[in-house]
Structures are given as structure tokens and as C-alpha cells.
Amino acid sequence: MSLTTDDREALRALRGAFADAANLRDYDRFAALFAEGAVWDIPDMKARFDGPAAIRAGIERMLGLWEFFVQTTHDGVLDGDGDEAYGRAYVSEIGRFHEGGSQLNYAVYDDRFVRTPLGWRFASRSYHFLYVDESPLAGRALPVPALRDVA
């Protein structure tokens, strides 16, 4: 049995919640998107985080380096059967570090998902850079407006 339409929509929403939690620096919500025993891996940075607590600490440490950071998720592919699924999602990111360097990049996430009593969660996410531009950004960062809680 392949994924239902509801499963596909839930998995797309999970990917969107990942980017939203990162962009808003909501570290607790970010970590809660991962199942127990999950792995978040960024091989190009030699960074690997095992389990929600380590993932939470890792995202807080990494985003603490950025003056501003925005990640956008682009739909990829999804497939699976029953309570397990896998997929690929493309992302673009832009940001400026506190120390002044900038980065624009495009990457791909290789995902594995598991259905839990709380719904779909990431079992693993592996991030691979496809393009990196470290040219200085000419613009300026603006504060994030107060947003309605939709999670």
C-alpha cells in the first residue's frame, strides 16, 4: 500500500514546520519534529545529531551564529508504505553571520519518516549542499513581525 493523500499532505506539512521552526528559532518545536532515535546529519559540515535533545542543542548552536537566516522548502518527492516513508526535498537558504559573512545556498534533504502516536516525524534528515554563494549580501535584515501561532 502506498502513501495516502492525507499522508503526503502531513509529510509536506512536517517539512514546512521544520523550516518554520528554524526560521523562527523555535528550538523546542524544531526538536519535536523528530522521532526518538532520529538522526539529523549534515555531512558537508561534519555535523551529526542523534536524538531530539542533541538535535535541539545543535540547531540552537548553529542558528546562534546567524544575524538572520531564512530557509525555504521546495517540494520534492515522497513515497512509502504503511508507517514508514522516504523522500527528497530541495531547500534554499540565505543569511548573514554575526561576524559578517553571508551565504546563499541551495541544498537537498534526503528524508526518512516514521508514523508515531503524535503523527509523522522525521526518522532521519541528511542535508547535502548543491550550491553555495558566499558573496556579501547588500541588503539588511529586518525584525520578524509578531506572527499568529498556527502550530
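**Notes on the strands, the core and a surface patch**

1. Let's start with strands E4 and E5. Strand E4 covers residues 84–97 and strand E5 covers residues 102–116, and the two pair in the antiparallel sense over 13 bridges. Keep in mind as you look around that this is a predicted model. For a handy landmark on this pairing, find Ala 85: its bridge partner in E5 is Phe 113.

2. Now follow the chain from E4 into E5. The two strands form a hairpin, with 4 residues between them. Have a look at Gly 100 in that turn, as its phi is positive, at about 115°.

3. Next comes strand E6, residues 119–133, which pairs with E5 in the antiparallel sense over 13 bridges. E5 and E6 also make a hairpin, this one with 2 residues between the strands.

4. E1 and E6 run in the parallel sense and share 4 bridges. To find the spot, go to Asp 41, which stands opposite Ser 126 in E6.

5. On to the inside. The largest nonpolar core has 32 residues, and those touching the most other members are Phe 18, Phe 30, Phe 34, Trp 40 and Phe 113. Helix H1, residues 5–23, gives the most to this core, with 6 residues.

6. Trp 40 deserves a click of its own. Leaving aside residues up to four places away in sequence, Trp 40 touches Phe 18, Phe 30, Phe 34, Ala 47, Arg 48, Phe 49, Ile 55, Gly 58, Ile 59, Met 62, Tyr 109 and Arg 125. Three of the names in that list, Phe 18, Phe 30 and Phe 34, are also among the core residues that touch the most other members.

7. Finally, the outside. Tyr 90, Tyr 106, Leu 130 and Tyr 131 make a nonpolar surface patch of about 420 Å². Leu 130 belongs to strand E6. Why does Leu 130 count as exposed? Because its relative accessibility is 55%, and the cut-off for exposed is over 50%.

8. One general point to carry along while you turn the model: in a regular strand, side chains alternate between the two faces of the sheet.

Notes
Residues numbered from 1 in each chain as written. Predicted model: local features only at pLDDT ≥ 70, side-chain atom pairs only at ≥ 80, totals over all residues. Heavy atoms only, no water. Pairing = 2+ DSSP bridges. Core = buried A, V, L, I, M, F, W, Y, C linked by side-chain atoms within 4.5 Å. Buried < 20%, exposed > 50% of the residue type's maximum accessible area, 1.4 Å probe, protein only. Contact = heavy atoms within 4.5 Å. Patch = residues over 30% accessible without salt bridge, like charges linked within 9 Å, V, L, I, M, F, W, Y side chains within 5 Å. Areas by Shrake-Rupley, 256 points an atom, 1.4 Å probe, with all protein chains shown as cover. Salt bridge = Lys/Arg side-chain N within 4 Å of Asp/Glu carboxyl O.
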